[in-house]
Amino acid sequence: RRTGGLARGRRLGIVTDIYPGRTGLLAADPRPAVAGALLEHALIADRRWDLFTFGVVAGADSERILCEFTDTHGLQTEILQEEVCPYIDFPESWEAYLKSVSRKFRYNVRNREKKLRAAGDVELRCITGADECADFLDTMLDIDRHSWKEEAGTSMTQRPEQAIYHRRIAPLCAEQGLLRCYLLMLDGEAIAYLFG
């Protein structure tokens, strides 16, 4: 519809997302046929929209599948925004990594590690099993709750959908051998985590 020279329309997109700035669909089975069925329903069968926005990674399977789908169904596409995502290419070992950074950075890392070890018994635990997920996630939320994130409003305890997402995805990743979570322990108490 046009009103006063301006085009008005209905837009279909992600209402909210787990991490702000990241959008897209997450499918347990990423085969083109599965993605095609999702798109078939959202974009063709239930056509109550004029504009559909979707985020993809350039060169990824999701972009290829989306392009094939839009070509097949004669849908017009346009790139609305592009973002460059930086990444760090890690060397083969921790020592090789330390050699690649500045002398001051190496000093700070070693100094802080020394202080941490002086404070008590330090242990790094790796969590990979589905049976360990619930305890890890409880600990992760407890660390978030007692960190600066809580006051800043960015803690997972402030956004329940993040906690629900992690509780559902962690066991699935573990069953596929894709889960790598870490807890940094000081005298048997968890003081930091990494969810991977």
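**Terms and model**

I take buried to mean under 20% relative accessible area, exposed over 50%, and partly exposed in between, with a 1.4 Å probe and protein chains only. The model is predicted: local features need pLDDT of at least 70, side-chain atom pairs count only at pLDDT 80 or more, and totals for chains, interfaces and linings use all residues. Residues are numbered from 1 along each chain as its sequence is written, and side-chain values use heavy atoms, with hydrogens and water left out.

**Overall layout**

I looked up the secondary structure and found 7 helices and 7 strands. Both are DSSP runs numbered from the N terminus: helices are H or I with at least four residues, strands are E with at least two. In sequence order I read β-β-β-α-β-α-α-α-β-α-α-α-β-β.

Of the 196 residues in the protein, 20% are buried. The protein exposes about 15000 Å², and carbon and sulfur atoms supply 53% of that area. The areas come from the Shrake-Rupley method with a 1.4 Å probe; for residues, only the protein chains shown count as cover.

I also checked contacts, meaning heavy atoms within 4.5 Å. Among those between residues at least 6 apart in sequence, 64% join residues at least 24 apart.

**Cysteines**

How many disulfides are there? I count 0, where a disulfide is a pair of cysteine sulfur atoms within 2.5 Å. For C126, the closest cysteine sulfur is in C181, 7.9 Å away, which is too far for a bond. For C133, the closest is also in C181, at 6.6 Å, again too far for a bond. C126 is partly exposed at 38% relative accessibility, whereas C133 is buried at 3%.

**Helix α5**

Which residues of α5 are buried? I list C133, F136, L137, M140, L141, I143 and D144. They cover an arc of only 160° around the axis, which puts them on the same side of α5. The arc is that of the directions from the helix axis to the C-beta atoms. An α-helix has 3.6 residues a turn, so residues three or four places apart point the same way. The cover over the buried residues of α5 includes β5 (122-127), α6 (148-152), α7 (160-175), β6 (181-186) and β7 (189-195).

**Salt bridges**

Side chains of opposite charge can pair when their charged atoms come close. I searched the whole structure and found 8 salt bridges, each a side-chain nitrogen of Lys or Arg within 4 Å of a carboxyl oxygen of Asp or Glu.

One of them joins D138 and R167, with the closest N and O atoms 2.6 Å apart. D138 is in helix α5 and R167 in helix α7, so the pair ties together parts 29 residues apart in sequence. D138 is partly exposed at 41%, and R167 is partly exposed at 35%.

Another joins R110 and E95 at 3.3 Å, N to O. R110 lies in helix α4 (residues 103-119) and E95 in helix α3 (residues 94-100), so this pair ties together parts 15 residues apart in sequence.

**T70**

Last, I looked up T70, which is in helix α2 (residues 61-72). T70 is buried, with a relative accessible area of 7%. Leaving aside neighbours within four places in sequence, I find T70 in contact with L75 and T77.
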